[in-house]
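Visitor: I have a model open and would like to go through it with you. Could we begin with how the strands are paired?

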Amino acid sequence: MKILKIDHLGIAVSSIDANKPFWTDVLGLSFEGAQTVAEQKVTTAFFPVGESEIELLESTSPDGPVAKYIEKRGEGIQHVAFRVENIEAALQELKDKGIQLIDQTPRIGAGGARIAFLHPKATGGILVELCERNG
Ligand code: ZN
């Protein structure tokens, strides 16, 4: 598998609006707009940082995965996303190595990226996302 870079860090927050001023006004990052991914019950907001991005995640529902994460572990870094060249090949390689996956096949995430999550049990406790984007 070829990992190209850290694509983004996903940070769980209870409110994007409440947290946005820190990333924009204090750190001077630009805000690329928010987008809701209804099937994952999440609204995401991206702030580019050089070659990578910060992704704030706000749950749209109390039973969404981000709300559950905050309930258990509080706000903070929720996942690290690696950009891969070919997500199908990467998932196949991980399956062959016996790595437990949350997503057996890629799904569509924010910005039209193709994404898949690895199970934290297989990664030492970190939620790892693989992501493939065009361009
Ligand atoms: Zn992500």
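Visitor: What stands opposite glycine 10 in S4?

Guide: Glycine 10 faces glutamate 55 in S4. This is a predicted model, in which local features need pLDDT of at least 70 and side-chain atom pairs count only at pLDDT 80 or more, while totals for chains, interfaces and linings use all residues. Residues are numbered from 1 along each chain as its sequence is written, and side-chain values use heavy atoms, with hydrogens and water left out.

Visitor: How many bridges join S1 to S4, and do they run parallel or antiparallel?

Guide: Strand S1 (residues 3-12) runs parallel to S4, and five bridges join them. Two strands pair if DSSP finds at least two bridges between them. Strands (E, at least two residues) and helices (H or I, at least four) are DSSP runs, numbered from the N terminus.

Visitor: And what about S3 and S4?

Guide: Strand S3 (residues 42-49) pairs with S4 in the antiparallel sense, over eight bridges. Phenylalanine 46 has glutamate 55 in S4 as its bridge partner. S3 and S4 form a hairpin with two residues between them, and glycine 50 in the turn has a positive phi of about 55°.

Visitor: Is S4 mostly covered or uncovered?

Guide: S4 (residues 52-59) is mostly covered, with six of its eight residues buried. Buried means under 20% relative accessible area, exposed means over 50%, and partly exposed lies in between (1.4 Å probe, protein chains only).

Visitor: Let us turn to the zinc ion. Which protein donors does it have?

Guide: The zinc ion has His8 (NE2), Glu55 (OE), His79 (NE2) and Glu129 (OE) as protein donors, lying 2.0 to 2.3 Å from it. Donors are N, O and S atoms within 2.8 Å of the metal (3.2 Å for Na, K and Ca); water is not among the atoms, so sites may look incomplete.

Visitor: How are the donor residues spaced in sequence?

Guide: The spacing of the zinc donors is H-x46-E-x23-H-x49-E. Histidine 79 in strand S5 and glutamate 129 in strand S8 are 50 residues apart, a pair that links distant parts of the chain. Both histidine 79 and glutamate 129 are buried.

Visitor: What is the geometry of the zinc site?

Guide: The zinc site is irregular, with angles of 83 to 170° among its four donor atoms. Four donors count as tetrahedral if all angles lie between 85 and 135 degrees; four count as square planar and six as octahedral if opposite donors are over 155 degrees apart and all others between 65 and 115; anything else is irregular.

Visitor: New topic: how many salt bridges does a search of the whole structure find?

Guide: The search finds eight, a salt bridge being a side-chain nitrogen of Lys or Arg within 4 Å of a carboxyl oxygen of Asp or Glu.

Visitor: Which residue forms one with aspartate 7?

Guide: Arginine 133 does, and the closest N and O atoms are 2.7 Å apart. Aspartate 7 is buried, with a relative accessible area of 2%, whereas arginine 133 is partly exposed at 22%. Asp7, Arg83 and Arg133 are linked in a network of salt bridges.

Visitor: Which residue meets glutamate 88 in a salt bridge?

Guide: The side chain of arginine 114 meets that of glutamate 88, at 2.4 Å from N to O. Arginine 114 lies in strand S7 (residues 114-118) and glutamate 88 in helix H3 (residues 87-96), so the pair ties together parts that are 26 residues apart in sequence.

Visitor: What is the phi of lysine 41?

Guide: Lysine 41 has a positive phi of about 50°, although it is not a glycine. Lysine 41 is placed in the loop between S2 and S3. Lysine 41 also forms a salt bridge with aspartate 63, with the closest N and O atoms 3.2 Å apart.

Visitor: Finally, which residues of H2 are buried?

Guide: Val66, Ala67 and Tyr69 are buried in H2. Seen down the axis of H2, the buried residues fall within an arc of 160°, so they line one face of the helix; the arc is that of the directions from the helix axis to the C-beta atoms. On the other side of H2, Glu71 and Lys72 are exposed.
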